[in-house]
Amino acid sequence: MYEGPVQDLIDELGKLPGVGPKSAQRIAFHLLSVEPTEIDRLQKALQRVRDGVQFCEVCGTVSDKERCRICSDSRRDRTIICVVEEPKDVQAVERTREFKGLYHVLGGALDPLSGVGPDQLRIRELLARIGNQDDGVDVAEVIIATDPNTEGEATATYLVRMLRDFPGLSVTRLASGLPMGGDLEFADELTLGRALSGRRAM
Ligand SMILES: [Zn+2]
């Protein structure tokens with residue numbers, strides 16, 4: 001235990017996901033050694049997050065504007081939508097450089113025990129998006145890229161059922177080979193890229 005503000009900082013950092021006591025201590029002492037302007041920048045970034053971040057009105061990922069960079073990019077293929085759980089999964093798929101379509105962020109996965117049902121996820125928005133394309137381009141394929149764990153699988157099964165009603169729509173799922181029970185973001189680029197290109201019809 002340290003005294004005063006240093007321990008407070010270590011305690012707060014230690015509450016962050018993936019930061020153990022040792023890392024918390026290392027980060028705290030790193031922060032003690034940096035220039036005050038760097039702390040100011042960190043503080044400002046935290047403040048902006050606290051004041052609320054904006055989400056893209058189309059895909060639901062974190063965004064600077066009403067429409068995110070990917071949704072506003074005319075070079076992206078508007079006929080394919082990759083459905084993921086969280087904004088961090090968008091980054092994971094982008095890192096593979098295998099995907100040139102658009103995304104749809106659900107905001108989580110079905111988890112009845114924690115009270116997350118279909119209405120808590122952006123499923124209605126997804127169906128509306130496929131049903132009436134405002135830019136006049138028909139969606140030809142939906143890739144379901146939920147996490148390879150129980151909740152992710154349950155969500156995928158539910159989505160497949162909902163998407164059956166759209167004639168001519170091809171629904172695919174990432175190929176197996178992703179570490180089961182894990183998070184999409186923990187798969188390395190190569191594995192995720194392979195799972196993407198080897199996706200199978202549902
Ligand atoms: Zn977007």
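Trainee: Phe 99: buried or exposed?
Mentor: Phe 99 is buried, at 5% relative accessible area. Keep in mind that this is a predicted model.

Trainee: Why does 5% count as buried?
Mentor: Because the cut-off for buried is under 20% relative accessible area, and Phe 99 has 5%.

Trainee: And Tyr 103, buried or exposed?
Mentor: Tyr 103 counts as buried, with 2% relative accessibility.

Trainee: OK, aromatics in general. How many aromatic pairs are there?
Mentor: The count is two aromatic pairs. One of them joins Tyr 2 and Phe 29. Their ring centres lie 5.2 Å apart, with the planes at 65°, so this pair is edge-to-face.

Trainee: Where do Tyr 2 and Phe 29 sit in the chain?
Mentor: Tyr 2 is in the segment before helix H1 (5–14). Phe 29 is in helix H2 (residues 21–33).

Trainee: How accessible are Tyr 2 and Phe 29?
Mentor: Tyr 2 is partly exposed, with a relative accessible area of 36%. Phe 29 is also partly exposed, at 36%.

Trainee: What about the rings of Phe 99 and Tyr 103?
Mentor: Those rings pair edge-to-face, because their planes stand at 65° and the cut-off for edge-to-face is over 60 degrees. Their centres are 5.2 Å apart.

Trainee: Switching to the metal. Which residues coordinate the zinc ion?
Mentor: Cys 56, Cys 59, Cys 68 and Cys 71, each through SG, at 2.3 Å. In sequence, the donor residues run C-x2-C-x8-C-x2-C.

Trainee: What geometry does the site of the zinc ion have?
Mentor: Tetrahedral, with angles of 106 to 116° among the four donor atoms. For reference, the ideal angle for four tetrahedral donors is 109.5 degrees.

Trainee: Cys 59 and Cys 68: buried or exposed?
Mentor: Cys 59 is buried, at 2% relative accessible area. Cys 68 is buried too, at 5%.

Trainee: Now the sheet. What is the strand order in the open sheet?
Mentor: The five strands run E4-E3-E5-E6-E7, with mixed pairing. Strand E4 (101–105) and strand E7 (200–201) are the edge strands, each pairing on one side only.

Trainee: In which sense do E5 and E6 pair, parallel or antiparallel?
Mentor: Parallel, over four bridges. Strand E5 covers residues 141–144, and strand E6 covers residues 170–173. Ile 144 stands opposite Arg 173 in E6.

Trainee: Which helix packs on the sheet?
Mentor: Helix H4 (residues 87–96) does, touching strand E3 (77–84) and E4. The direction of H4 makes about 155° with that of E4.

Notes:
Residues are numbered from 1 along each chain as its sequence is written. This is a predicted model: local features need pLDDT of at least 70, side-chain atom pairs count only at pLDDT 80 or more; totals for chains, interfaces and linings use all residues. Side-chain values use heavy atoms; hydrogens and water are left out. Donors are N, O and S atoms within 2.8 Å of the metal (3.2 Å for Na, K and Ca); water is not among the atoms, so sites may look incomplete. Four donors count as tetrahedral if all angles lie between 85 and 135 degrees; four count as square planar and six as octahedral if opposite donors are over 155 degrees apart and all others between 65 and 115; anything else is irregular. Buried means under 20% relative accessible area, exposed over 50%, partly exposed in between (1.4 Å probe, protein chains only). Rings of Phe, Tyr and Trp (its six-membered ring) pair if their centres lie within 6.5 Å; planes under 30 degrees apart count as stacked, over 60 as edge-to-face and the rest as tilted. Helices (H or I, at least four residues) and strands (E, at least two) are DSSP runs, numbered from the N terminus. Two strands pair if DSSP finds at least two bridges between them. Contact means heavy atoms within 4.5 Å. Axes are lines fitted to C-alpha atoms, for helices over the stretch in contact, and angles run from 0 to 180 degrees between N-to-C directions.
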